[in-house]
Amino acid sequence: MFILELTYTAPVAAVDEQLAAHVEWLDQQYEAGIFIASGRKNPRDGGVIIAVADDRARIEELVATDPFTKAGVCAYRITEFYATKTAPALAPYREQLPA
């Protein structure tokens, strides 16, 4: 599982110009089963996405397609972790530690 932390690198007005395209991109990733939660940070200087994928390379490829990335209005910090304990509703995403 991955935590994707977005930090805006441009004024919020420039981010807002890309927002509709970014939301459409988010919707596509939810439909594909890759994203399971997302939202703005407070204060509004970026956002956070929780994602699932087979490997980090896939996530790196994916964030390169984000309209925010393409427009140069944000930077991503990608953190991989093993979700060994979850709320019951997230049980399908539980992982085992590698051997």
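The legends below describe several close-up views of a predicted model. Local features are given where pLDDT is at least 70 and side-chain atom pairs only at pLDDT 80 or more, while totals for chains, interfaces and linings use all residues. Residues are numbered from 1 along each chain as its sequence is written, and side-chain values use heavy atoms, with hydrogens and water left out.

**View 1**
The largest pocket has a volume of about 180 Å³. A pocket is found on a 1 Å grid over the protein atoms alone, as an open set of points where a 1.4 Å probe fits, with protein on both sides within 12 Å along at least five of seven lines, and lining residues have an atom within 4 Å of a point. Grid points are joined across faces, edges and corners, and the volume is the space filled by probe spheres set on the points. There are 15 lining residues, of which Tyr8, His22, Leu26, Gly39 and Arg40 are the closest to the centre of the pocket. At least two lining residues come from each of strand S1 (2-8), helix H1 (12-31), strand S2 (35-40) and strand S3 (46-51); helices (H or I, at least four residues) and strands (E, at least two) are DSSP runs, numbered from the N terminus. By residue class, the lining holds 8 nonpolar, 5 polar and 2 charged residues, where Ala, Val, Leu, Ile, Met, Phe, Trp, Tyr, Cys and Pro count as nonpolar, Asp, Glu, Lys and Arg as charged, and the others, Gly among them, as polar.

**View 2. Strand S3 and its partners.**
S1 and S3 run antiparallel and are joined by 6 bridges, and S2 also pairs with S3 in the antiparallel sense, over 5 bridges; strands pair if DSSP finds at least two bridges between them. S2 and S3 form a hairpin, with 5 residues between them.

**View 3. The loop between S2 and S3.**
Lys41 lies in the loop between S2 and S3 and counts as buried because its relative accessibility is 18%, the classes being buried under 20% relative accessible area, exposed over 50% and partly exposed in between (1.4 Å probe, protein chains only). The side chains of Lys41 and Glu5 are joined by a polar contact of 3.0 Å, that is, a pair of N or O atoms within 3.5 Å, of which, within protein, one must be able to donate a hydrogen and the other to accept it, and residues adjacent in sequence count only if both atoms are side-chain atoms. The loop also holds Pro43, and the peptide bond from Asn42 to Pro43 is cis, with omega near 10°. Most peptide bonds are trans. Asp45, in the loop between S2 and S3, is partly exposed, with a relative accessible area of 37%. Leaving aside neighbours within four places in sequence, Asp45 is in contact (heavy atoms within 4.5 Å) with Leu6, Thr7 and Tyr8.

**View 4. Gln29 in helix H1.**
Gln29 belongs to helix H1 and is buried, with a relative accessible area of 7%. Beyond its neighbours within four places in sequence, Gln29 is in contact with Ile34, Phe35 and Leu62.
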